[in-house]
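I wanted to go through the salt bridges in this model. My entries follow the structure.

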Amino acid sequence: MKRNLILLLVLGAALGGGGYLLAAEGKDAVSLAANHKGSLLTAEQVNVSFQGVGGKIIDLAAKEEMKVSKGDVLMTLDPTDIDLQLQKAQADIEVTAIKVKQSEDALNVAQDKLGNALKQAQIGVEQARTSQEQVLEGARSEDIERQKLAVAAATEAHTHALKLYNQLLNIEDTYDNNPYAYKDHRDALENARSQLSTLENARDQQQQALNKMLNGASQQDKQQAALLTDKANAILEQNMLTGQDITNQRIGLDALIKQQEQQNILLQSLQVQKERMVLKAPVDGKVARIIPKAGENVGSGTPLIVLETGKLYFDMYVDERQVTKLQPEGTVPVRFAALPDQLTGRIQFVTAAPQFAGLRMSREKGTADLTMFQARIEVDRIDKLLPGMTAEVHIDEIAAR
């Protein structure tokens with residue numbers, strides 16, 4: 001009898017429990033855990049380090065728990081070595097600038113000289129060719145007629161001078177009793193003789209020129225004209241070779257300019273390195289931890305200061321049936337046990353988390369576990385909200401998207 005009573009009680013409890021579960025619409029412990037997501041609130045932290053430089057810390061301005069703003073100086077490295085490199089780089093640039101100026105001035109002078117020399121050489125070649133053509137072609141008829149007139153004029157001048165000289169000779173005896181008049185006469189006679197000789201030479205030269213025109217140029221004259229033309233061409237070619245030297249000078253100048261550009265790039269690189277020797281806060285926040293001490297040597301990329309930013313976030317995991325309710329840049333309602341009001345969280349990202357799997361309520365044959373997804377939620381920081389508090393999200397309160 002007693003045994004039957006116990007069985008009835010157990011059966012009643014089972015029926016009552018099943019009815020409760022049916023009334024709760026399946027909100028058993030597992031279902032409630034799947035819908036109510038809880039996670040610890042975390043403060044975002046940033047590891048601050050020197051990028052591309054290292055050295056000895058000479059100034060440590062940051063202190064733990066100190067609030068900083070973006071751009072505030074946290075620590076400084078010894079800049080002695082980089083300052084010396086900067087001075088040398090600046091001096092090299094100045095020296096190269098002087099060399100560039102000298103090369104430009106020398107190149108401009110050489111180009112001006114070459115331009116004048118080429119013009120003169122070209123004129124010389126044209127003159128030599130013209131003279132050679134005249135020698136080969138012979139005198140023109142109008143040139144011969146003009147030369148005949150020149151011969152006639154020279155002959156007439158000589159004849160007139162000869163008459164004057166003969167007249168002075170004829171009256172030479174009349175000055176025997178007057179020595180002063182005789183002296184003047186002798187001077188006049190000597191001048192007439194000298195003038196007669198000059199005019200005779202001029203007449204002969206004009207006649208020779210006429211004879212040359214009439215007879216044509218000799219073989220020697222032709223050879224001489226050809227030599228003058230070759231000489232003029234050689235001078236022109238030599239000046240053109242000088243132009244190649246100027247081209248080489250310009251190549252050298254271009255190389256100096258490229259060298260100057262490289263030196264400027266090196267100077268800028270050194271300036272960037274010096275700027276990086278001053279470590280500044282990348283964001284607003286609070287200094288959570290300082291690893292090195294003043295005077296220590298630190299390397300590039302080594303975390304030196306842990307900076308706690310003003311952002312708070314927590315991660316939660318949802319299965320593939322619920323993840324469709326979460327979209328990046330979307331919002332979710334968040335509750336905290338320490339706060340009376342509900343807050344709004346912003347979804348930063350949603351990504352697959354294959355290391356987690358949600359077990360199904362039943363393990364029928366062929367039924368696989370559900371894949372879980374990780375979602376990061378960010379909330380605004382307020383005075384009463386502290387890292388370490390428990391954040392809770394009710395998935396069933398989020399509308400499906």
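I worked on a predicted model, where local features need pLDDT of at least 70, side-chain atom pairs count only at pLDDT 80 or more, and totals for chains, interfaces and linings use all residues. Residues are numbered from 1 along each chain as its sequence is written, and side-chain values use heavy atoms, with hydrogens and water left out.

Entry 1. I looked up the salt bridges (a side-chain nitrogen of Lys or Arg within 4 Å of a carboxyl oxygen of Asp or Glu). The structure holds 14.

Entry 2. I checked Lys 148 and Glu 145, which form a salt bridge at 3.9 Å, N to O. Both sit in helix 4 (residues 141–170), three residues apart, about one turn of the helix. Helices here are DSSP runs of H or I with at least four residues, strands are E runs of at least two, and both are numbered from the N terminus. Lys 148 is partly exposed at 38% relative accessibility, and Glu 145 is partly exposed at 46%. My cut-offs: buried is under 20% relative accessible area, exposed is over 50%, partly exposed is in between (1.4 Å probe, protein chains only).

Entry 3. I found Lys 258 paired with Glu 261 at 3.8 Å, N to O. They are three residues apart in helix 6 (residues 219–276), about one helical turn. Glu 261 is partly exposed at 39%.

Entry 4. I turned to Asp 315 and Arg 376, a salt bridge at 2.8 Å, N to O. Asp 315 lies in strand 9 (residues 305–319) and Arg 376 in strand 12 (residues 370–379), so the pair ties together parts 61 residues apart in sequence. Asp 315 is buried at 18%; Arg 376 is partly exposed at 22%.

Entry 5. I noted one network, in which salt bridges with shared partners join Glu 65, Lys 286, Glu 308 and Arg 381.
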